[in-house]
Amino acid sequence: MINRKKEPSAELTKTMEEELQDLYRYAFYRLGDEQDAEDIIQDLYISIHEKHDAASNIGNLRNYIYRALPVNFYSVYILNSSVFKNYVFKDTSSSRGGM
């Protein structure tokens, strides 16, 4: 079985290119970090592209993109939060008897 990558739809690519600066500004405003803003926009593009069949049925792609973007903010916030980091990456050396 051959695994073929789907090409992004022309509409998706065009819409993302047209909105890129505004999307970036919005993401940067909400996240306060340039790299996180870039990553979140790239992740959004990839997630919509991967759901290409469903995305082709979206009536207003621009509105969909702006409504989907905040959902990704929460994932970045959770992964970067100190509570998450302290819980997942807490120091376990004390439970090993000082090893």
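Mentor: A residue is called buried when its relative accessible area is under 20%; in this predicted model, Glu19 has a relative accessible area of 11%, so Glu19 is buried.

Trainee: With which residue does Glu19 form a salt bridge?

Mentor: Side chains of opposite charge can pair when their charged atoms come close. Here the partner of Glu19 is Arg62, with 3.1 Å between the closest N and O atoms; because Glu19 lies in helix α1 and Arg62 in helix α4 (residues 61-80), this pair ties together parts that are 43 residues apart in sequence. Arg62 itself is partly exposed, at a relative accessible area of 40%.

Trainee: How many salt bridges does the structure hold, and where do Glu18 and Lys14 lie?

Mentor: There are three salt bridges. Glu18 and Lys14, whose side chains meet at 3.5 Å from N to O, are four residues apart in helix α1 and thus separated by about one helical turn, and Glu18 counts as exposed at 52% relative accessibility. Asp22 and Arg25 also meet in a salt bridge, at 3.2 Å from N to O, and these two are three residues apart in helix α1, again about one helical turn; Asp22 is partly exposed, with a relative accessible area of 37%.

Trainee: How many aromatic pairs does a search of the whole structure find, and why is the pair of Tyr24 and Phe28 stacked or tilted?

Mentor: The search finds one aromatic pair. The ring centres of Tyr24 and Phe28 are 6.1 Å apart and their planes stand at 15°, so the pair is stacked, given that planes under 30 degrees apart count as stacked. Tyr24 and Phe28 are four residues apart in helix α1 (residues 10-31), or about one helical turn.

Technical notes
Residues numbered from 1 in each chain as written. Predicted model: local features only at pLDDT ≥ 70, side-chain atom pairs only at ≥ 80, totals over all residues. Heavy atoms only, no water. Phe/Tyr/Trp six-rings, centres within 6.5 Å; stacked < 30°, edge-to-face > 60°. Salt bridge = Lys/Arg side-chain N within 4 Å of Asp/Glu carboxyl O. Buried < 20%, exposed > 50% of the residue type's maximum accessible area, 1.4 Å probe, protein only.
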